[in-house]
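Grab a pencil and work through these exercises on one structure. Each task comes with a worked solution.

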Amino acid sequence: EYFQNDLDFDAVDGAAGPYDFANLLVDWVRADPPAGLTTGWWRGVGVTHNAFVVEGFVDELAAAAGKDPVDYRRGLLGQAPRAKAVLDLAAGKAGWGQPLPPGPDGSKRARGIALHESFGATVAQVAEVSVGAQGEIRAHRVVCAIDCGLAVNPDGVAQQMESAIVFGLSAALAGGVTFDKGQVAQSNFHDQAPLRLNESPAIEVHIVPSAEHPGGVGEPGLPPI
């Protein structure tokens with residue numbers, strides 16, 4: 001299933017994004033890891049790296065067009081009304097477009113947004129971040145909106161989004177694996193630390209009411225963050 005015609009499905013999963021581009025090409029080149037180095041699945045699997053690529057590129061397109069990132073995305077979602085609704089919900093609840101006050105230390109704050117579909121669910125997230133005097137990055141607030149179809153257990157959906165956000169931020173801000181003489185140097189949570197309670201942002205989760213078939217929630221919260 002995952003290697004049809006020598007194509008690794010996980011390598012291209014989600015690489016087209018939900019957007020309506022007039023011209024689109026998704027290409028893939030196989031790159032095997034060095035002998036003896038094995039790789040495994042991460043929470044979110046293929047869509048994680050592809051969401052980063054697609055959403056980063058869409059932000060570049062919006063900047064090149066001189067448009068607001070949310071407005072630019074809206075213009076590409078005419079064929080995806082559910083995705084557009086999720087985008088609007090996240091942006092609205094986050095106060096997109098409203099000025100942010102500086103942090104207590106005088107650091108400037110800014111917002112970023114990302115949208116992605118995976119496993120039968122669409123998730124948009126807005127992160128409020130600051131960069132300190134020494135270049136340290138801090139996420140202060142994350143507003144998440146999800147359309148997963150019928151939410152059988154809304155509390156469970158919210159918990160999955162919260163845990164995915166903490167998981168993703170841990171990798172982005174504190175993660176990393178290094179090798180020493182062919183061995184992985186990290187061994188446990190003391191040297192591969194997740195975000196601690198005092199480092200976690202405030203997280204808000206908003207669920208789109210829906211009677212559509214239930215989708216997944218265990219992994220879709222990770223790609224946008």
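**Exercise 1.** Work out which way E4 and E5 run, and how many bridges join them.

Solution. Start with the two strands: E4 covers 121-131 and E5 covers 137-147, strands being DSSP runs of type E with at least two residues, numbered from the N terminus. They run antiparallel, with ten bridges joining them; DSSP has to find at least two bridges before two strands count as paired. For a spot to look at, find Gln 125, which sits opposite Cys 144 in E5.

A word on the source: this is a predicted model, where local features need pLDDT of at least 70, side-chain atom pairs count only at pLDDT 80 or more, and totals for chains, interfaces and linings use all residues. Residues are numbered from 1 along each chain as its sequence is written, and side-chain values use heavy atoms, leaving out hydrogens and water.

**Exercise 2.** Give the order of the strands in the open sheet, then name its edge strands.

Solution. Read across the sheet: its four strands come in the order E3-E4-E5-E8, with mixed pairing. Next, look at the ends: E3 and E8 (202-207) are the edge strands, as each pairs on one side only.

**Exercise 3.** Find which element supplies the largest share of the lining of the largest pocket.

Solution. First, count the lining: 28 residues, with Phe 52, Ala 114, Ala 172, Pro 224 and Ile 225 nearest the centre. (A pocket is an open set of points on a 1 Å grid over the protein atoms alone where a 1.4 Å probe fits, with protein on both sides within 12 Å along at least five of seven lines; lining residues have an atom within 4 Å of a point.) Then go by element: H2 takes it with seven residues.
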